[in-house]
Amino acid sequence: MDTMSQDLNLVSEVTKMGIEECKIIELPRIVDSRGNLTFIENNKHIPFEIKRVYYLYDVPGGEKRGGHAHKNLQQLLIAASGSFDVIVDDGYNKKRFHLNRSYYGLYIPTMIWREMDNFSSGSVCLVLASDFYSEDDYIRDYEEFLKEVRV
Ligand code: T46
């Protein structure tokens, strides 16, 4: 297969991702009167290898984050503290998830537009990502995203 066909195949793979692929994953929980504990092991509890961890915090009330899609990145978003909403969009359908438990993670595959709002005071959004940071992996223009997914 030549490089061009491989690239075309990759694109058609990518376009198959629908919002039904965005799933809440229930993480292990050790309930303890001293306080609960949740753990995540690489390649075991989530469907990708973790290469990066980052977190959003001190988000001012009423603020929004996100507003982009990733070409190749997969992520798991966890409300490590407080709560917030994530709106996922595959170019045809949208779905709003309310994250408010630190033992639930929202899995977002490639080529899903995401927006985040409704952050509670003191909330922390912990993100596990399948790759290192690369601005080239972002699609930050919604019209460009629609063009890519509606082929
Ligand atoms: C996502 C949502 C949930 C870095 O230098 N390294 C990093 O690992 C990240 C994530 C960001 N940055 C820089 C890039 C920008 O200059 O931090 C700045 C803010 O990033 P951005 O505007 O993309 O932040 P959010 O909150 O809109 O989106 C972030 C992630 O970028 C994104 O992948 O899915 O959180």
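Ring pairs join Trp113, Tyr142 and Phe145 into a cluster, where rings of Phe, Tyr and Trp (its six-membered ring) pair if their centres lie within 6.5 Å, and planes under 30 degrees apart count as stacked, over 60 as edge-to-face and the rest as tilted. The structure is a predicted model, in which local features need pLDDT of at least 70 and side-chain atom pairs count only at pLDDT 80 or more, whereas totals for chains, interfaces and linings use all residues. Residues are numbered from 1 along each chain as its sequence is written, and side-chain values use heavy atoms, with hydrogens and water left out.

**View 1. Aromatic pairs, with Tyr103 and Tyr104 as a tilted pair.** By the ring rule, the count comes to 8 aromatic pairs. The ring centres of Tyr103 and Tyr104 are 4.8 Å apart and their planes stand at 50°, so this pair is tilted. Tyr103 counts as buried at 16% relative accessibility, while Tyr104, at 29%, counts as partly exposed; buried means under 20% relative accessible area, exposed over 50%, and partly exposed in between (1.4 Å probe, protein chains only).

**View 2. The edge-to-face pair of Trp113 and Tyr142.** Trp113 and Tyr142 form an aromatic pair with 5.0 Å from centre to centre and 75° between the planes. The pair links distant parts of the chain, with Trp113 in strand β10 (residues 113-117) and Tyr142 in helix α2 (residues 142-149), 29 residues apart; helices (H or I, at least four residues) and strands (E, at least two) are DSSP runs, numbered from the N terminus. Trp113 counts as buried at 5% relative accessibility, and Tyr142 counts as partly exposed at 27%.

**View 3. Arginines over the faces of Tyr103 and Tyr92.** Arg29 lies over the face of Tyr103, at 3.6 Å from the ring centre, and Arg150 lies over the face of Tyr92, at 5.2 Å from the ring centre. A charge sits over a ring if NZ of Lys or CZ of Arg is within 6 Å of the ring centre and within 35 degrees of the ring normal.

**View 4. Residues around the ligand, including Arg65 and His70.** Of the 13 residues around the ligand (a heavy atom within 4 Å of it), Arg52, Arg65, His70, Gln75 and Tyr138 come nearest. An N or O atom in the side chain of Arg65 is 2.7 Å from an oxygen atom of the ligand, and for an N or O atom in the side chain of His70 the distance to a ligand oxygen is 2.6 Å. A polar side-chain atom of His68 lies 3.4 Å from an oxygen atom of the ligand. On its own the ligand has 650 Å² of accessible area, of which the protein covers 69%, as computed by the Shrake-Rupley method with a 1.4 Å probe.

**View 5. His70 in strand β5.** His70 is found in the strand that spans residues 65-70, and His70 is buried, with a relative accessible area of 1%. The side chains of His70 and Asp137 are joined by a polar contact of 3.0 Å, a polar contact being a pair of N or O atoms within 3.5 Å; within protein, one must be able to donate a hydrogen and the other to accept it, and residues adjacent in sequence count only if both atoms are side-chain atoms. Leaving aside neighbours within four places in sequence, His70 is in contact (heavy atoms within 4.5 Å) with Gln75, Thr110, Met111, Ile112, Arg114, Asp137 and Tyr138.
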